[in-house]
Amino acid sequence: MDVCKSVMAGSQPLVSVLMSAFQQPAFLNEALQSVQAQTWKNLEIIVVDDASGPEFTCQYQLPVKAKLLVHPHRRAIAAVNRNVAIAAASGKYLAFLDQDDIWIPEKLAWQVAILEDNPDAVLTFGHYQLVDAGRRPLERQHAPWVTGRDPLKQLIYRNIIHCPSQVMMRRSALDQTGGFDETIRGAADWDMWIRAAAAGPILSDTRVMTLYRKHASQWSRQSLMMVNGSLRVMEKTACWAASLRPDLRGLLRRRQARWLRETARLQMMTAEQAPLAYSTLLGAIRLWPGDPRAYCMLLQARRAGKG
């Protein structure tokens, strides 16, 4: 479908922009400005605030028709905010934008075109540029990920979609796969992309569409939470993907073992968690007996009296 012709005919599909907010009005207002600057104009904006308090929400520079939904109590789970926003959305397409990220003006238009041209596609994601808190490009940048013939296998191996702000998802596909898993902290988006890849094609785009801001207060810097979330994703995925794709059973076991090993590494760094590291490593070895790194760490844990 030619999206330009669709626009001229007045049949632009509605895009729901779903945003989460918590006590960073300056970042949120920059993100909102990037939404208002989009060349794609048929959109709705839904902001879910995680009980920031009126002293913060009064600073939000919301467009006239934007919806602000406020949790009465702090939840601190990104998946909850996204599910609340999804429930309030009415668009054909859903675009997620974290409060600390920025979209370039063509982002939504490019992604609508991709999904309109590929009606079987579940979602599409673009590339990003890493920037600091002041939106200055970082020296180190990542190469764009490109989906191959087997995106499900790619996503089980690693999360090739680094931030939800890269993504536009078809609403009908999300209704089929279910919402974000609220029991997974820090990696519920990865779980969603894996389930989406099992439901249908996901399409990558190497164009930079998002400024991905790196700063000290990001959830992704909470290492133990992110590792625990990643392990939970692998355990959950193994429950269904091993039967759907028997060829992936070995990979699933290796990836579970990898995240158990990473959990043990972090456990050994704290006195409170260190006694758990030995049994965690034994679990990793049971899943993947051929991993020499787990045996080395097991010896370290034993010598340090952590077992």
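This is a predicted model: local features need pLDDT of at least 70, side-chain atom pairs count only at pLDDT 80 or more; totals for chains, interfaces and linings use all residues.
Start at His-127, in strand β6, which spans residues 123-131. His-127 is buried, at 9% relative accessible area. Its side chain reaches the backbone oxygen of His-142 at 3.0 Å. Beyond its sequence neighbours within four places, His-127 is in contact with residues including Ala-143, Pro-144, Gln-166 and Asp-205. Arg-207 and Met-209 are also among its contacts.

Turn next to the second largest pocket. Its volume is about 230 Å³. Strand β2 (43-49) gives the most to the lining, with 3 residues. Helix α2 (25-36) also supplies at least two. The lining includes Val-35, Trp-40, Ile-45 and Lys-67. By class, 6 lining residues are nonpolar, 1 is polar and 4 are charged.

Now the charged pairs. The model has 16 salt bridges. In one, Glu-30 pairs with Arg-213, with the closest N and O atoms 3.7 Å apart. This pair ties helix α2 to strand β8, across 183 residues of chain. Arg-213 is buried, because its relative accessible area of 1% falls under 20%.

Lys-92 and Glu-116 form another bridge, at 2.8 Å from N to O. Lys-92 sits in the loop between α4 and β4, and Glu-116 in helix α5, 24 residues apart. Lys-92 is partly exposed at 40%, whereas Glu-116 is buried at 10%.

Asp-132 and Arg-136 meet at 2.9 Å, N to O, in a salt bridge. Here Asp-132 counts as buried at 17% relative accessibility, while Arg-136 counts as exposed at 52%. Finally, salt bridges link Asp-181, Asp-191, Arg-195 and Lys-236 in a network.

How values were computed:
Residues are numbered from 1 along each chain as its sequence is written. Side-chain values use heavy atoms; hydrogens and water are left out. Helices (H or I, at least four residues) and strands (E, at least two) are DSSP runs, numbered from the N terminus. Buried means under 20% relative accessible area, exposed over 50%, partly exposed in between (1.4 Å probe, protein chains only). A polar contact is a pair of N or O atoms within 3.5 Å; within protein, one must be able to donate a hydrogen and the other to accept it, and residues adjacent in sequence count only if both atoms are side-chain atoms. Contact means heavy atoms within 4.5 Å. On a 1 Å grid over the protein atoms alone, a cavity is a set of points where a 1.4 Å probe fits but cannot get out, and a pocket is an open set with protein on both sides within 12 Å along at least five of seven lines; lining residues have an atom within 4 Å of a point. Grid points are joined across faces, edges and corners, and a volume is the space filled by probe spheres set on the points. Ala, Val, Leu, Ile, Met, Phe, Trp, Tyr, Cys and Pro count as nonpolar, Asp, Glu, Lys and Arg as charged, and the others, Gly among them, as polar. A salt bridge is a side-chain nitrogen of Lys or Arg within 4 Å of a carboxyl oxygen of Asp or Glu.
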